[in-house]
Amino acid sequence: MALLSRKTAQEISELLDEYGIKHGPVVDSTRGLYEKKIKEAMGKGKRTKYEPLPDKTFYREEEDEVTYVYRTPVRSEGAGDYRDSGSYMSSRPNWNEREFQQEMSYSTYARPRSEYRGREYVEEPYLYDKTSSYRNSSLTSTPIKSGQDAPKAPQSKSRLIPLWVQFMFFLAVAVFLYIVFSSMETNESLEGIE
Amino acid sequence: MSSTSQKHKDFVAEPMGEKPVMALAGIGEVLGKRLAEKGFDKAYVVLGQFLVLKKDEELFRDWIKDTCGANVKQQGDCYGCLKEWCDAFL
């Protein structure tokens, strides 16, 4: 990164915008403060609007269906996307509706493609596995960065409890209820009660 | 809401005119001197900086901390003083 002091006021202003730092005009008396803020932001490794996260992959579905969106808490999805999602590939059309309904239950993902901003995605097409309901596990079948994604998937999803945990819990509850029901006594065996 | 000092009340009661920077709440002799050395010798110059920072609290706090080493309380007092003055007179 070039010396901040060499940059024009306009460039400093743009850098501040990139890091999402609220600011006023860059004048002599404010410049030092803003340069310091930019250095801090760079040092913290804050991502700018234009830098993608290298570990995330972007899953796309058909253009008119909802899109799976990775979110990080730091940056909002802004209009600063310059990445062209042109390598957009439509996979099986017939599962879309079902997936759509699944998606709707995860409200954070229910976004149309146009809202997605390229900061977090890699331009590889993702062929969606119809039978897999857990998206991240189906990730492992893709050749692209799946290894990094599998351990990270539970964290990067916005679910508090990962899906597989929910399933296990459901199964445990079902088994428990079955045991309870099966050990209940029938009416015929009770005596003395009229 | 914390109570404001007499200095604060005095400052926001009237237009600041040519008051020195030490008239600002939170700015005493030491801080006032440091600010004056940097060119902020009058309250209105600090006001100018406050306005250029768009009256943003965080930016102003950072700036005054960097410029004269004000602590959190002093930053807050100065910000509050200027903000209230602006609300009344600007």
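D77(B) and K73(B) sit 4 residues apart in helix α5 of chain B, about one turn of the helix; helices here are DSSP runs (H or I, at least four residues), numbered from the N terminus. This is a predicted model, where local features need pLDDT of at least 70, side-chain atom pairs count only at pLDDT 80 or more, and totals for chains, interfaces and linings use all residues. Residues are numbered from 1 along each chain as its sequence is written, chains are lettered from A in the order in which they are written, and side-chain values use heavy atoms, leaving out hydrogens and water.

**Salt bridges**

- Across all chains the structure holds 9 salt bridges, each a side-chain nitrogen of Lys or Arg within 4 Å of a carboxyl oxygen of Asp or Glu.
- D77(B) and K73(B) form one of them, with their closest N and O atoms 2.8 Å apart.
- Another joins K37(A) and D62(B) at 2.6 Å, N to O, crossing between chains from helix α2 of chain A to helix α4 of chain B.
- K37(A), E58(B) and D62(B) are linked in a network of salt bridges.

- K73(B) is exposed, with a relative accessible area of 58%, while D77(B) is partly exposed at 29%.
- Both K37(A) and D62(B) are buried. (Buried means under 20% relative accessible area, exposed over 50%, and partly exposed in between, with a 1.4 Å probe and protein chains only.)

**A helix contact in chain B**

- The contact between α4(B) and α5(B) (heavy atoms within 4.5 Å) includes F60(B) and I64(B) of α4(B) and Y79(B) and L82(B) of α5(B).

Methods. Helices (H or I, at least four residues) and strands (E, at least two) are DSSP runs, numbered from the N terminus.
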